[in-house]
Amino acid sequence: MHTSCYPDAAKIPCKDATSTRAVGVTWGIGDPSRRDERGRVTRRRHVRIARVSARTRAGLGLLIACGSLGWLQACSDDAATGGGSPTTTSTTGSACLAGCEGGGSGTGGSGAGAGGGLVTDVCGNGTCAPSELCSTCEDDCGVCTGDPITVTRGPYLQMGTDDAVTVKWRTAEPSGSVVALGTTLGQLTAVANGPSEPTTEHEVRVTALDPSTQYFYAFGTPESPLVGGDAEHFFSTSPTKGTAQPTRLWVIGDAGTANANQEAVRDAYLAFVGAQRADLFLMLGDNAYSDGTDDEYQEAVFDMYPQVLKNTVTWATLGNHDGHSADSGTETGPYYDIFSLPRQAEAGGVPSGTEAYYSFDYGTIHFVCLDSYDSDTSTDGDMLTWLTSDLTANTQPWLVAFWHHPPYTKGSHDSDDEGELIDMRERALPILESFGVDLILTGHSHAYERSYYISGHYGDSGSFSNANLIDGGDGRADGDGAYTRDQGSEAGAVYVVAGSSGQTSGGTLDHPAMFVSLNELGSLVVDVAGSTLDATFIDDTGDVRDTFSIAK
C-alpha cells in the first residue's frame, strides 16, 4: 500500500496511513443512503476513534489525523483511489488542511468529492480566520470546530540561540501547548510540543533550528485552532557564534510607566526603524512600575509592545522596582515567572546557575547581564566570581554589558551617593574593563547620559580627570570621528544611561564623564556590523538626539 500525504509526514509526528492507529478519521464515500436534513448526500464526517483497520482504511480513503495535534493530513492510498498526489490548501496564508487528489476508481476514489479523490481545501471557503490553523472542520466546510484559545498574554520570545528559541504565552483556561513553524508562510510543517499537563502559562522550547534563518510560527493547544501563522508571527535564529552579521539592538530603560510617554517612545522607535527591526530587545530594568507586579507587567510590557515581543527575542535585567515583588536568591516573583533566562549557558558563555545574572552570544557579540539590585556584588561573591570566569572564557570581539544601576550619573539619581551605583562602579567595572568591555548599558536615572571613551574611573565624580579620557571627542563619524580601539587594546568603553523610555526626572546632568546629558524621553538603537558599532538615541518625537560610533 502506498500513501502520499501533505505536509511531509517526515516533518510531523504523524501516524502513517499503513498504521492501525489514528487520533481522528474523516471519510467521504458519497453514499446515497447517507443524506442530511436537506436531502444532500453526506460526503464527510469526522470522528475520534482509537483504531482503524487497514481494510477499513483502504475502503474509505481516509484522512489520517496527525500526531497529538489533531491536525488532519489528507492521504490517498493506491488500494482505495488508484494513486494520488498531495495538494496544498490554505486560507489567506494559513494552512487549514491538506488534501490529496486521487485519480482512481473505487469507493474512496469516486465518492470522496469533486474530481474523484479526497476533497481538497476543506476549509478553503474562507470560514477560517487568517490567524487560525484548523485542526478539524464541520460538515461541508462550514466552520472550524473547536473554539480558538483565548490568549491573554503574548506570544513572546525568550532565550534565542542559533538553533533554538523559547515561545511563551498565557491563556484564559488551562490547555496543552504546541508550536508549529516553518520557513515558508503557510507551510508550518515542523511541530514542537510543550509539557503534556494543561496550563495557562505556556512555554515551548523549539529546537533543531538552522542558524540565521527566519521562521514563521503559530501556537496554541492541540485541541483548538492555532493562533498566528501569519506574516507578523516570525522570529530569526542567531548567527552561529563568531559569525559576523549585521545586528541591531533596541534598548529601553525604566520604560514601565504604561502611559502616553512610553507609547510615544515606542512609536518613535517603530517609525525610525521601519522594516529594519531589531534582532534583540534589551530591557534595562524598572520594566513595570511601581512594583513589578504581574498586572503591571501586563500593562507596561505585554500590552505596550505586542508587535515587538512576537518577533524579537527579549533579554531583561532586574530593576529596583521589579525587585519589589521578586527575589533573586530564590528566583521567585513576577519578574522570574515572566522571563526565561539562561542559567546553564543555554545561549552561550559560562553557566551562572541563576537567572538573576547570565551571558549569551549573538554572532560576534558577547552579552553580559548583571543584577545590581538583589544579588551579592562583593568582589568575592558568586556573581563577580562568575563574571571573571565568563569573561576569561569569552573569545568574541565585541563585549556589551548591561544592568540597572549606572556607575556614572547626575540625573534623577547621583552615582556619588547611592550604594548600588558605587558598588557596581568600584567592583564590577575593573573586571569588565580588564577584559576589554566596549559598551555598558544602564538605566535607573530617568535621563539620557552618554560618556566619552573612558577607562579607569572608579571613584566619585570629583576624581574624574583627563587621565580617564581615552578619547575626549564626540565619537561621531561626522564630527571628531569614531572612538577607535587598537587591536588587542583593553582600554576604552562608552557608558550609556538610557533610563528615559517612560519618564524624565531631571537632575543636574553634569557628570564630567559624560559627553552629552539630556532630560529627554527616548530609547537607544545600537547597530553592530563587522568592526563598527553605531548607536543612536531617538527621542519621543522621532528626532535623533545623539549618535556615537566605536571602531576596531
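Let's start with strand β21, which is mostly covered: 5 of its 5 residues are buried. Keep in mind that what you're looking at is a predicted model. In a regular strand, the side chains alternate between the two faces of the sheet. You can follow that pattern here, with Ile365, Phe367 and Cys369 pointing one way from β21, while His366 and Val368 point the other way. Whichever way they point, all of these residues are buried.

Now look at what sits beside β21. With β20 it pairs in the antiparallel sense, over 5 bridges.

How does the chain get from β21 to β22? It goes by way of a helix: β21, α8 and β22 make a right-handed β-α-β unit.

Time to step back to the whole sheet. It is an open sheet formed by 7 strands, in the order β20-β21-β22-β23-β28-β24-β29, and the pairing is mixed. Which strands stand at the edges? They are β20 (358-362) and β29 (514-518), and each has a single partner strand, so one side of each is left without a neighbour in the sheet. Neighbouring strands are turned by 15° against each other on average, if you ignore direction. Helix α8 (residues 382-393) packs on this sheet, touching β20, β21 (365-369) and β22 (398-402), and its direction makes about 175° with that of β21. Elsewhere in the sheet, β24 (residues 448-451) and β28 (residues 494-498) pair in the antiparallel sense over 3 bridges. Tyr448 has Ala498 in β28 as its bridge partner.

Next, the nonpolar residues. In soluble globular proteins, nonpolar side chains tend to be buried together. The largest nonpolar core in this model has 109 residues, and those with the most contacts inside it are Trp315, Phe367, Phe402 and Leu441. As for Leu441, leave aside its neighbours within four places in sequence and its contacts are Val251, Leu282, Leu284, Val400, Ala401, Phe402, Trp403, Val496 and Leu524.

Let's move to another strand, β9 (residues 151-158), where you'll find Gln158. Is Gln158 buried or exposed? It is buried, because its relative accessible area is 0%, and the cut-off for buried is under 20%. Apart from neighbours within four places in sequence, Gln158 is in contact with Val165, Thr166, Lys168, Arg205, Val313, Thr314, Ile338, Phe339, Ser340 and Leu341.

Strand β9 has another feature to look at. Pro155 is found in this strand, and the peptide bond from Gly154 to Pro155 is cis, with omega near 15°. A cis peptide bond also joins Tyr289 and Ser290, where omega is about 5°. Ser290 is in the loop between β18 (280-283) and α5 (294-302).

Met159 has a positive phi of about 45° although it is not a glycine, and Met159 lies in the loop between β9 and β10 (165-175). Ala208, also not a glycine, has a positive phi of about 60°. You'll find Ala208 in the loop between β13 (199-206) and β14 (214-220). What about their surroundings? Met159 is buried, with a relative accessible area of 9%, whereas Ala208 counts as exposed at 73% relative accessibility.

Finally, how far can you trust the picture? The protein chain averages a pLDDT of 79, and 73% of the residues score at least 70. Over residues 1-145, though, pLDDT stays under 50, and the model has 328 contacts beyond four places in sequence for this stretch. Where pLDDT is low, the predicted coordinates should not be read in detail.

Conventions
Residues are numbered from 1 along each chain as its sequence is written. This is a predicted model: local features need pLDDT of at least 70, side-chain atom pairs count only at pLDDT 80 or more; totals for chains, interfaces and linings use all residues. Side-chain values use heavy atoms; hydrogens and water are left out. Helices (H or I, at least four residues) and strands (E, at least two) are DSSP runs, numbered from the N terminus. Buried means under 20% relative accessible area, exposed over 50%, partly exposed in between (1.4 Å probe, protein chains only). Contact means heavy atoms within 4.5 Å. pLDDT is the predictor's confidence in each residue, from 0 to 100. A nonpolar core is a set of buried Ala, Val, Leu, Ile, Met, Phe, Trp, Tyr and Cys residues joined through side-chain atoms within 4.5 Å. Two strands pair if DSSP finds at least two bridges between them. Axes are lines fitted to C-alpha atoms, for helices over the stretch in contact, and angles run from 0 to 180 degrees between N-to-C directions. A crossover is right-handed if, with the strands pointing away from the viewer, the path from the first strand over the helix to the second runs clockwise.
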